[in-house]
Amino acid sequence: MKIAVVGTGYVGLVAGTGFAENGHQVTCVDIDAGRIAALQRGEAPIYEPGLEELLMRNMEEDRLRFTTSVAEAVENSLLVFLCVGTPSGANAAPDLRQVFAAAEAVGSALSGYRIIVSKSTCPVGTADKLKEIIAARTSHPFDVVVNPEFMKEGAAIDDFMRPDRVVVGCQDVRVLEIMRELYAPFLRTGKPFLSMSLRSAELAKYAVNTMLAARISLVNELANIAEVYGADINEIRQALMSDSRLGSAYLFPGLGFGGSCLPKDVAALAELAREKDLPRGIIEAATSTNEAQSRRFVERIKSFYEGGASGKRIAVWGATFKPRTDDLRSAPALEIIDALLAASAAVVVFDPVASKGLRDRYGDKVTVAAKMYDGLQDADGLVIATEWREFHNPDFERMAKIMRCPVIFDGRNLYEPKTMKAHGFTYFSVGRPRA
Ligand code: NAD
């Protein structure tokens with residue numbers, strides 16, 4: 001099939017590359033000319049494991065092309081995927097300007113029948129608005145489909161190639177058959193293709209993310225209770241995870257959820273409920289508990305030092321909201337860094353892939369360390385904010401030697417409190433006794 005993908009961010013790039021890898025002819029379009037120029041040179045503008053290799057292969061095979069021209073991308077493509085951003089807006093509702101602008105551009109560029117597939121996460125009813133926008137700009141027939149994306153950054157290629165399910169909001173049987181054919185190679189392991197109404201598909205995405213967010217917030221509340229009562233959340237997790245009704249995913253206590261999806265999607269769902277005056281206590285609590293979690297962590301750091309963190313040199317390991325991505329959007333680490341700066345601490349950050357993003361955001365307000373141990377020299381403390389693999393087994397002896405004050409505030413529970421005590425560290429984690 002010939003496919004156009006509008007927007008070459010995390011979702012568009014992975015989806016476009018994934019379709020090309022399955023033999024389709026894909027043209028990706030973006031309004032960011034610099035991004036397109038980099039992609040045309042074979043450079044991935046984002047860090048996602050495995051992406052660059054797939055990009056190169058499919059570009060060499062001439063199945064994957066990049067352009068800034070929507071008309072060129074849409075010209076011969078039966079399917080047009082909208083993968084543009086839906087960031088948080090001024091209030092709780094997401095800002096849909098990118099989606100509407102992309103729909104306008106696609107509508108104006110139609111040269112025949114097309115299926116426009118929205119992969120962007122949008123509030124219920126957006127697909128109806130897309131139909132209106134496109135219909136106002138073309139006399140050609142078209143269909144609008146909602147196909148929410150569930151990939152996780154850091155494992156996006158694998159999630160896209162082997163999804164847990166494919167959700168397709170569409171009521172036209174012929175269009176549904178085309179979507180089924182497109183996704184059949186991705187569902188060979190027997191995972192379901194779920195067809196539903198446009199509105200259900202729009203809401204399904206928010207439902208999944210809100211369930212995940214609520215689970216993380218709940219485990220964090222349990223961790224805080226465990227910590228204060230002298231219990232250990234890791235032991236409690238074993239009891240939770242072995243319950244077949246609960247499962248083991250998303251039960252890690254820590255600094256709370258972040259990234260470009262969970263915070264904004266939970267807020268968007270709460271807003272949908274608020275607009276209709278529906279109960280939304282749990283949905284809103286997922287967010288308020290999450291926000292309190294990093295504040296609580298910062299308070300712990302500040303209260304450790306007599307006189308607060310002012311003048312202290314604090315090293316931070318990890319800045320991205322999770323490992324294996326360079327995405328800094330709504331990362332808990334940034335809130336911690338901001339709070340430490342506000343408390344007049346000197347902050348030195350090391351992240352394996354986000355140095356550029358950190359420099360863009362902070363300029364010379366923080367020191368960005370090039371290597372993991374660089375920032376620890378004379379540090380008054382170390383904060384672990386992202387569970388990158390290289391942080392799991394560091395050289396504790398070296399760390400204890402070069403730090404001025406050997407204290408670790410571990411927001412990801414990477415180490416055993418007893419081991420840390422044996423290495424001479426004061427060690428704080430989440431939901432476990434202090435060592
Ligand atoms: P992103 O911000 O990384 O990328 C969006 C891209 O769209 C940018 O490159 C931007 O330049 C481009 N763009 C904006 N307007 C355009 C236009 N009119 N024409 C062409 N290109 C345009 O966004 P993302 O993280 O890929 O997310 C895209 C959507 O998918 C969002 O709705 C998001 O909620 C959803 N989603 C994201 C993830 C994720 O892990 N990032 C997972 C599932 C769903």
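Which of the 26 residues around the ligand come nearest? Select Asp30, Thr86, Thr121, Glu153 and Lys264: these are the ones that come nearest. (A residue counts as near a molecule if one of its heavy atoms lies within 4 Å of it.)

Before going on, a quick note: this is a predicted model, where local features need pLDDT of at least 70, side-chain atom pairs count only at pLDDT 80 or more, and totals for chains, interfaces and linings use all residues. Residues are numbered from 1 along each chain as its sequence is written, and side-chain values use heavy atoms, with hydrogens and water left out.

**Stop 1: the ligand**

Stay with Asp30: an N or O atom in its side chain is 2.6 Å from an oxygen atom of the ligand. Now click Thr121, where a backbone N or O atom lies 2.8 Å from an oxygen atom of the ligand. Next pick Ile31, which has a polar backbone atom 3.4 Å from a nitrogen atom of the ligand.

**Stop 2: H9 and H11**

Select residues 198-228, helix H9, and residues 262-275, helix H11. (Helices are DSSP runs of H or I with at least four residues, numbered from the N terminus.) Their axes come within 9 Å and cross at roughly 115°; axes are lines fitted to C-alpha atoms over the stretch in contact, and angles run from 0 to 180 degrees between N-to-C directions. H9 and H11 are therefore roughly perpendicular to each other (that label covers 65 to 115 degrees; under 35 is roughly parallel, over 145 roughly antiparallel, and the rest oblique). Show side chains for the contact (heavy atoms within 4.5 Å): the residues include Tyr206 and Leu212 of H9, and Val266 and Leu269 of H11.

**Stop 3: H1 and H3**

Jump to H1 (residues 10-21) and H3 (residues 51-60), whose axes come within 10 Å and cross at roughly 50°. H1 and H3 are therefore oblique to each other. Among the residues that meet here are Leu13 and Val14 in H1, and Leu54 and Leu55 in H3.

**Stop 4: H13 and H14**

Finally, select H13 (residues 332-342) and H14 (residues 355-362), which pack at an angle of about 40° with their axes 13 Å apart. That makes H13 oblique to H14. Which residues of H13 and H14 make the contact? Highlight Leu334, Ile337, Asp338 and Leu341 of H13, plus Leu358, Arg361 and Tyr362 of H14.

Note on methods:
Helix = DSSP H or I, 4+ residues; strand = E, 2+ residues; numbered from the N terminus. Polar contact = N/O pair within 3.5 Å; in protein donor to acceptor, adjacent residues only side chain to side chain.
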